[in-house]
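The sequence and structure come first.

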Amino acid sequence: MINIVLFGPPGSGKGTQAQNLIEKFNLKQISTGDLFRYNMKNDTALGILAKSYIEKGELVPDQVTIDMLIDELKKPCDAEGYIFDGFPRTAYQTEALETIVREVLNSSIDICLSLVVDDEILVERLLKRGETSGRKDDSNKEIIANRIAEYYSKTAEVAELYKQQGKYVEINGVGDIAEISEKLFAEVAKLKNKSSLQD
């Protein structure tokens, strides 16, 4: 089993690359945004709880997100591992994820892959996306710059933790999509070879 934490600022191509990794290695993507939408749309107990915070304009506590993750990981799944997207975002969440993966999957986080793209290119990409997507947050330079800055401030401590564990790998997210995919595939293939040697 391969468990990946995938990082990438808005506009880094993370969604596309996650899809390519899923197809190549038979992984399941767990996006906290999707989990929230699913739970709230289906009025699960956790969805109703999350909604009660959001409606008051408060942040949803970590524990609610963690419980949603646990529920998702307990579902039957024939994937050969997971890609975690949008979580962890803090040191606390990083430790919580490690515990969940150990207790629920009897496994661990193998690698944190981080797509690195210069801010100017990110802004350019998002503005271009805004022209076609109609997303308001992709059509204003200031909003985009804030989103990118917020991403870095949120993920810095998580990246640091994975660096300390020797699990953090940066991948240049600029260039041909297929070439970027190949770089990501090579990192995951290294892990698969290592784990098959240990078996």
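Helix 3 (residues 45-55) and helix 4 (residues 62-74) have axes that come within 10 Å and cross at roughly 160°. The model is predicted: local features need pLDDT of at least 70, side-chain atom pairs count only at pLDDT 80 or more, and totals for chains, interfaces and linings use all residues. Residues are numbered from 1 along each chain as its sequence is written, and side-chain values use heavy atoms, without hydrogens and water.

**Helix pair**
- Helix 3 and helix 4 are therefore roughly antiparallel (an angle over 145 degrees).
- Helices here are DSSP runs (H or I, at least four residues), numbered from the N terminus.
- Axes are lines fitted to C-alpha atoms over the stretch in contact, with angles from 0 to 180 degrees between N-to-C directions.
- Leu46, Gly47, Leu49 and Ala50 of helix 3 make the contact (heavy atoms within 4.5 Å) with Val64, Asp67, Met68 and Asp71 of helix 4.

**First annotated set**
- UniProt (unreviewed entry) places a "binding site" feature at Gly11, Ser12, Gly13, Lys14, Gly15, Thr16, Arg129 and Gly175; such annotations may be inferred rather than shown by experiment.
- Lys14 lies in helix 1 (residues 14-25).

**Second annotated set**
- Arg37 belongs to helix 2 (residues 32-41).

Notes
Helix = DSSP H or I, 4+ residues; strand = E, 2+ residues; numbered from the N terminus. Parallel < 35°, antiparallel > 145°, perpendicular 65-115°, else oblique.
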